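Subject: Structure handover

Hello,

Please find the structure below. My notes on it follow.

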Amino acid sequence: MKKIMITFLLSLSVGIVCAQLKESTITVKTTSTKIDSMWVSGPNGKTFFAKPDEENKVVLRFKEEHPFILKLGIDAPTKWSLSLFVEQGDQLTVITDLDKQTKFSGKGKENAQVLFDCLTAYTATYKEMEKEIGTRMLSPTEFFETYLKLGQSQIDVLEANKEKVSPAFYQDRSIAFQYQKLNLPTYGPSFFVQSGKKLSESIPEGYWDLEKEVKITDDLFSNSDYTGYMKGIFPYFLLIQEKLKQGKLDSTFTNEADETLKLSLVERKYPTKLKSMAIVSIISGALGKAKDVTTLKPLMDSYLTKIEPEDAEALMSKYNDYTNLATGKMAPDFTLKSLEGNDVSLKDFKGKVVYLDFWASWCAPCRHEMKNGSPKLHEKFKDNKDVVFLYVSLDSKVDAWKKAIADDKIEGIHLLSQATSGVNTPIAKAFNITGIPRYVIIGKDGKIVDNDAPRPSQDITAEKIKEALNEG
C-alpha cells in the first residue's frame with residue numbers, strides 16, 4: 001500500500017510540473033507578400049513547415065521548460081529568415097514586410113528586438129568590412145583581427161542592452177556570441193595559408209592567446225554554439241598547438257594520424273560530457289572521410305568504453321551505416337519522381353554505370369560544378385549508353401528545383417527528394433549525406449564503386465567512370 005501511495009504521489013508531482021508549463025505563442029504576420037508556407041526550426045532542431053491563415057499570419061505554440069532559439073524563414077517568393085529567443089510564457093507578435101521593416105510586440109519583445117539588433121549589427125559590420133577590403137588579399141593577421149572584430153559587433157550590442165533583456169537571454173547569448181566570435185579565427189590558418197608559405201609562417205599574431213578565451217567545462221554543455229565550437233573547432237586548435245610543441249607543425253600527417261592525435265588531446269583535456277561528445281564528433285568525421293571505414297574499427301573500438309553509453313551506441317550505429325555503403329556493397333535502392341512526373345528507381349539502371357549527383361538549387365558549389373564541370377564530363381561519355389548521369393535534388397521547393405535546372409541547362413536524369421530543411425531527406429539519410437555536393441559512382445551490378453566520388457570538374461572522375469565500365 002505504501003509503495004502504491006509513493007508511486008501515486010510521484011506521478012501526481014510530475015503531472016503538476018507539466019501542467020505548470022506556460023505555453024509560448026509566436027505569431028508572425030507578413031504585410032507585403034502572400035506566402036505559401038514558412039519553415040520553422042524549433043526546439044531540439046526539429047524542423048517543419050507552417051501554413052499561414054487567411055490574414056497571412058503564422059501562429060506557433062510551444063510548451064517547453066527551457067528557453068530555446070526559434071528559427072523561421074521562407075524561400076519564395078523572396079528569401080527571408082529570423083531568429084528568436086523563446087522563453088516559457090512568451091506571447092510574441094512579429095509583423096514584417098520581409099525586407100526593411102520588422103516590429104515586435106508582446107511578452108518577449110525586448111529579447112526579440114535586441115537579438116534582431118545584434119544580427120543587424122553583424123550584417124552591417126560585415127558589409128562595411130567587405131567594402132573596405134575590396135579585392136585585397138588579407139594577411140593571416142589581418143584576417144584574424146578582422147573576424148574577431150566582426151564577432152565582437154554582436155557582443156557590443158548585447159552588452160549595451162544588458163538591462164533590457166531577460167537574465168536567461170543574456171546568459172545564453174553572451175556564451176553563444178563569444179564562441180561564434182572565436183569560430184572562424186580559430187580555424188582560419190588552415191584556410192588562409194599564403195601561397196608558397198608554410199603553416200608555421202601563416203599563424204597570425206595573437207593566435208595562441210585564443211586559448212585564454214576558451215572555457216573547457218561541462219557547465220556550458222547546454223549551449224549549442226559552445227558545444228559546436230568545442231567538438232569541431234577547438235580540437236583543431238589543440239592539434240596544431242601540439243604539432244608546434246613537437247616541432248612538426250609543417251610535417252605532413254595522414255588524416256587518420258591527425259584524428260588520432262586530436263582524440264588523445266581531447267581525452268586528456270576535456271571533462272566527461274564534453275569529451276564524450278567531441279570523441280563521437282571526431283570519429284564520425286573520420287568515418288565520413290574514409291574510403292574504407294573498416295580500417296578505423298580498431299581506433300573506434302578503443303574509445304567505445306571511454307564515452308557515455310548512449311554516445312557509444314550512436315557511434316556504433318553510424319559505423320554500421322557507413323559499412324553498408326562501403327565499396328562493393330549494394331547501393332540503397334530508391335524511387336523518386338522525375339522532372340517529367342514519372343516514377344524512377346535506381347534499379348531501373350542496372351547494367352549501366354551511374355554517376356549519382358546529390359545537389360540543391362541553393363548550393364553554390366553544386367551549381368558551379370553543374371555549369372563548369374558537368375558539361376565537359378558529359379561530353380566524354382556522350383556516345384556511351386552505359387553511363388547514366390543521375391541528379392537527385394534535395395530542394396524543399398519544387399519551383400526552385402525546376403528553375404535551377406532550366407537556368408543552368410543541366411543535362412541528365414533529374415529526380416527530387418524534397419527536404420524538410422537542409423539535406424534532411426530519407427535518400428540523404430540512406431546515403432549518409434550530411435553536406436552537398438556529394439557524388440557516388442554505382443557499378444553495372446548495382447554495387448557501390450565509390451561512395452564519395454570526385455567532382456565532375458576533376459580529371460580523375462572520367463577515369464573512375466571508365467574503371468567502373470571495365471569492371472562490369
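For the residue classes used below, Ala, Val, Leu, Ile, Met, Phe, Trp, Tyr, Cys and Pro count as nonpolar, Asp, Glu, Lys and Arg as charged, and the others, Gly among them, as polar. This is a predicted model, in which local features need pLDDT of at least 70 and side-chain atom pairs count only at pLDDT 80 or more, while totals for chains, interfaces and linings use all residues. Residues are numbered from 1 along each chain as its sequence is written, and side-chain values use heavy atoms, with hydrogens and water left out.

Pockets and cavities

Both were searched for on a 1 Å grid over the protein atoms alone: a cavity is a set of points where a 1.4 Å probe fits but cannot get out, a pocket is an open set with protein on both sides within 12 Å along at least five of seven lines, and lining residues have an atom within 4 Å of a point. Grid points are joined across faces, edges and corners, and a volume is the space filled by probe spheres set on the points. Helices (H or I, at least four residues) and strands (E, at least two) are DSSP runs, numbered from the N terminus.

The largest pocket has a volume of about 1600 Å³. It is lined by 47 residues, and Ile69, Lys71, Ser83, Arg173 and Asp225 are the closest to its centre. Two or more lining residues come from each of strands E2 (38-41), E5 (68-74) and E6 (80-86) and helices H2 (109-133), H4 (167-191) and H5 (224-245). By class, the lining of the largest pocket has 19 nonpolar, 17 polar and eleven charged residues.

The second largest pocket holds about 490 Å³. Of its 23 lining residues, Asp75, Lys79, Ser396, Lys397 and Ala400 lie nearest the centre. Helix H12 (398-408) gives the most to this lining, with six residues. The classes here are nine nonpolar, five polar and nine charged.

There are two cavities of 30 Å³ or more. The largest cavity has about 50 Å³ of space, and its lining includes Leu287, Lys291, Tyr322, Arg438 and Asn451.

Disulfide

A disulfide is a covalent bond between the sulfur atoms of two cysteines. With a disulfide taken as a pair of cysteine sulfur atoms within 2.5 Å, the whole structure has one. It joins Cys363 and Cys366, with the sulfur atoms 2.3 Å apart. The torsion about the S-S bond is about 80 degrees, so this disulfide is right-handed. Buried means under 20% relative accessible area, exposed over 50%, and partly exposed in between (1.4 Å probe, protein chains only). Cys363 is buried at 4%, and Cys366 is buried at 1%.

Helix H8

In H8 (297-304), the buried residues are Leu299, Met300, Tyr303 and Leu304. They cover an arc of only 140 degrees around the axis, which puts them on the same side of H8; the arc is that of the directions from the helix axis to the C-beta atoms. These residues pack against helices H6 (255-269), H7 (272-289) and H9 (309-323), where contact means heavy atoms within 4.5 Å.

Backbone

Most residues other than glycine have a negative phi, and most peptide bonds are trans. A cis peptide bond joins Ile436 and Pro437, with omega about 5 degrees. Lys409 has a positive phi, near 55 degrees, and is exposed at 70% relative accessible area. Asn432 also has a positive phi, about 55 degrees, but is buried at 13%.

Regards
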